[in-house]
Amino acid sequence: MQRLGLYVQVPFCQTKCTYCNFHTGVVSTDRFAPYIAAVCHEITHHAYLFSSFGISLPKRFDWQSLRQAVPAPQPADTVYIGGGTPSLLDPQLLMDLLRTLRSSFACTNEEITLEADPETIEPEKGRQWLDAGINRISFGSQSFIDEELKAAGRMHRRADIYNAVPILREAGIANISFDLIAGLPKQTRASWRQSLAEAIALSPEHISIYMMEIDEGSRLGLEVIRSGLRYSARELPSEEAMAEFYETAQAEMRAAGYEQYEISNWAKPGFESKHNLKYWRREPYLGFGAGAHSFFGQQRWSNLTDAAAYVAAINSGRSAIDHVDAVTSDLALEEEIFLGLRQLSGIDLRRIERQYGVDLNEKIGRLASHGMIERVGDLIRLAPAKLSVSTEVLVELLR
Ligand code: SF4
């Protein structure tokens, strides 16, 4: 049986970044404890709450507890507490959360990640996180240029990053992942190189680079659409510059010993994100909290995104699931290709053809002749120079 990934969403932040299109809010800290209590209730009663939506997890018989004849908890090897800014929470709430997960699932604690923003990190918190079992920090550095951080509405500045990293190391966190954003307003080729160089010099085990997304879900995106001036939309780098930023990152990371294993992710050997790999490998995961997504068997489902509505549903004994989608065979094939090509290790063509009863040879040959993909035996993967065009490849493959 595959081991689960467990995800907990904490949808609270201190401010709203201009580019943010997530369902997060700035709320009074009084709402943190009731929210975590609701999440703990959802975790404890997940089997019942899921079943009310027709979702049932397979029962495992616990041979150790034979006399009690109870189903055993599902094994889980990764936990990811994301947001939002979960590092805002009192460490005691995080401890409650992890204790509840451990009493509801057979957790092996291989990788327990907490997303943390630089300005929220304090020595005492770092020690308590480690005591709680958190062994990986996903660190929201984003940029090392104050002008860019300010324009993006971030709370932290470059100095906060340099303050926080030694605190985490001294607390004993041996696995830190930095996030950087390519395409922030005011970012230039030179400033992007500087952010990359400073991130690499701090020697995190893992670096994620996200390309700025512009859509109507953020204040910055709306400003681009409406040609406004408030959030520096006119100082966004061009698409050509962003493509160049990405290529620069690939070269600099490679030179620094980081291996790219996914379109947006680089790691030192052995430090790939075990939890995030589950998403790209279509392995099962369960999400708890407002807006959390889950995938198990032939179903994907997600919770209500509004935190207050989520808490109200759970507190009244109802499931907070908003909708459930069946993953048909066609959809599963799309996912295999789309998610598989995100990974630098690529996809096993023969396995997919066997599993889904399709012949992808003609498409693959055409794409290969255009230099879009590389083929090594039965493995296909995106050509290194084409990593930023994965959606086009998907469309081409499935047409
Ligand atoms: S910290 Fe992250 S989740 Fe919160 S507003 Fe900024 S981008 Fe959005």
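1. Start with tyrosine 279. In this predicted model, tyrosine 279 is partly exposed, with a relative accessible area of 23%. Buried would mean under 20%, so the residue does not count as buried.

2. Now take tyrosine 285. This residue is buried, at a relative accessible area of 10%.

3. How many aromatic pairs does the structure hold? There are 15. A pair of aromatic rings is described by the distance of the centres and the angle of the planes. Look next at phenylalanine 144 and tyrosine 162. Their ring centres are 6.0 Å apart and their planes stand at 70°, so this pair is edge-to-face.

4. Phenylalanine 144 is buried, with a relative accessible area of 1%. Tyrosine 162 is partly exposed, with a relative accessible area of 31%.

5. Tyrosine 279 and tyrosine 285 form an aromatic pair, and it is edge-to-face. The distance is 4.6 Å centre to centre, with 80° between the planes.

6. Some rings join into a group. Which residues do ring pairs link into a cluster? They are Phe12, Phe32, Tyr35 and Tyr310.

7. One more ring deserves a look, with a charged partner. Arginine 300 lies over the face of phenylalanine 295. The distance from the ring centre is 4.0 Å.

Notes: Residues numbered from 1 in each chain as written. Predicted model: local features only at pLDDT ≥ 70, side-chain atom pairs only at ≥ 80, totals over all residues. Heavy atoms only, no water. Phe/Tyr/Trp six-rings, centres within 6.5 Å; stacked < 30°, edge-to-face > 60°. Buried < 20%, exposed > 50% of the residue type's maximum accessible area, 1.4 Å probe, protein only. Lys NZ or Arg CZ within 6 Å of the ring centre and 35° of its normal.
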